[in-house]
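Here are some friendly notes to read alongside the model. Please keep the structure open as you go through the points.

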Amino acid sequence: MTDTKALAMSRSLAAMIDGYLTTQLLYIAARLDLADRLAAGARSSPDLAHETGFDALAMNRLLRGLAAEGVLEEQPGAAFALTDLGQPLRMDHPQSQRGAILARGGLYFAAAAQMLPALEAGEIPFDHAYGESLFGYLSADPGAESSFQQSMAVRAARDRADLLTAYDFAGLQHIVDVGGGSGAMLAAILHAYPHLRATLIDRPQTIPLARAELTRQGLSDRVTLVADDFFASVPTGGDCYLLSRILHDWDDARARRILDVCHGAMAPGGRLLLLEAVLPDRAKDNPAAIRMDLHMLLLLPGRERTAAEFAALLHAAGFRLERVISTPSTSGVHVIEAIRAVR
């Protein structure tokens, strides 16, 4: 290895080592709405400090840090402008990443700091850091729940587009969206297929979000909302049961329980659709899927799975795997189609 190449690699590693600083710079930018404040054009650091109540010198240092990362452009007179890279930090950007950085820089950051002791103790890092599970914590903290839902929004938008590109719902009549969250995924399907009706089931605290979203989109008359625990029961009557990024939250035993509950609610021949990342054979073949698996390691008892692992899980729960359909996703998301068999 040449000295020049070794130096370049050392610098790349140093930038990775300082990633915690970059995360916090972006988190502060999101908390202070800096991208939105700069949306109309460049502004000076003293002006932004005054408007946000921040120390002027500290603000300038933070803005220069963001400029060093390419998120802002530093201009003469201590002025800063938003770059193309920084645009998705705006709240109104169509691919806004503001929610994602609020979750990662705040909610997830403390858990990440506890990864080593938690994993050494055989615990989930989030549980170790906060003293309770992620979903328990979110249930008790509406602000954290809101940040978490915002962090899911852009990913969910990509997933919706990928699902509709890859799968044809024309032959179906009634979808049951298990763990459907805010209803945005279901809304996209219903808009694309006006003949469909649907049922959405999720936690009681999530149902008002779904009701508001589906009402806003003029779809409330086509959807029944059910507040329940999908480990206990799911509604009957659907010819298609959709689980979008649900099983990856859980270990095999609990994922199997969810599938068992769905199996019990479905008629023989009913269709099950899983929208999940499928792990590649080699990590470098899809780093985004590997990062998602690390998020699961950090936050929840679940994990991402290979196609073979999904097939085994489905078979054990009484489903016959039909197809694993690739999508345009850059993060390894596939549509896994299975049929409810008779056990």
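Where does Thr-206 lie?

1. Thr-206 sits in the loop that joins strand E5 (197-202) to helix H12 (207-216). Helices (H or I, at least four residues) and strands (E, at least two) are DSSP runs, numbered from the N terminus. Thr-206 counts as buried because its relative accessibility is 1%; buried means under 20% relative accessible area, exposed over 50%, and partly exposed in between (1.4 Å probe, protein chains only). Not counting residues up to four places away in sequence, Thr-206 touches Glu-145, Gly-181 and Ser-182, where contact means heavy atoms within 4.5 Å.

2. A word on the basis of these notes. This is a predicted model, in which local features need pLDDT of at least 70 and side-chain atom pairs count only at pLDDT 80 or more, while totals for chains, interfaces and linings use all residues. Residues are numbered from 1 along each chain as its sequence is written, and side-chain values use heavy atoms, with hydrogens and water left out.

3. Now to an open sheet of 3 strands, ordered E1-E3-E2, with antiparallel pairing. Two strands pair if DSSP finds at least two bridges between them. At the edges are strand E1 (43-44) and strand E2 (72-75), each pairing on one side only. E1 pairs with strand E3 (residues 79-82) over 2 bridges, in the antiparallel sense, and Ser-44 has Ala-79 of E3 as its bridge partner. Helix H5 (residues 56-68) lies across E2 and E3 and runs at about 120 degrees to E2 (axes are lines fitted to C-alpha atoms, for helices over the stretch in contact, and angles run from 0 to 180 degrees between N-to-C directions).

4. Ser-44 also caps the N-terminal end of H4, with a side-chain oxygen 3.1 Å from the backbone nitrogen of Asp-47. Which residues of helix H4 (residues 45-52) are buried? They are Ser-45, Leu-48, Ala-49 and Thr-52. These residues are on the same side of H4 because they cover an arc of only 100 degrees around the axis, the arc being that of the directions from the helix axis to the C-beta atoms. The buried residues of H4 pack against helix H3 (34-37), E1, H5 and E3. After H4 comes Gly-53, with a positive phi near 75 degrees.

5. Next, the largest nonpolar core, which has 44 residues. A nonpolar core is a set of buried Ala, Val, Leu, Ile, Met, Phe, Trp, Tyr and Cys residues joined through side-chain atoms within 4.5 Å. Among the members that touch the most others are Val-178, Phe-230 and Val-234. Helix H13 (residues 252-265) gives the largest share of this core, 6 residues. A second, separate core has 26 residues, including Leu-163 and Ala-187.

6. Val-178 deserves a look of its own. Val-178 is part of strand E4 (residues 174-178) and counts as buried because its relative accessibility is 0%. Leaving aside neighbours within four places in sequence, the contacts of Val-178 include Ile-201, Phe-230, Val-234 and Cys-262. Val-234, not counting residues up to four places away in sequence, touches Val-178, Ile-201, Tyr-241, Val-261, Cys-262 and Ala-265.

7. Finally, a hairpin. Strand E9 (residues 319-326) pairs with strand E10 (residues 333-340) over 7 bridges in the antiparallel sense. Arg-323 stands opposite Glu-337 in E10. The hairpin has 6 residues between the strands, and in it Gly-332 takes a positive phi near 80 degrees.

How values were computed
A polar contact is a pair of N or O atoms within 3.5 Å; within protein, one must be able to donate a hydrogen and the other to accept it, and residues adjacent in sequence count only if both atoms are side-chain atoms.
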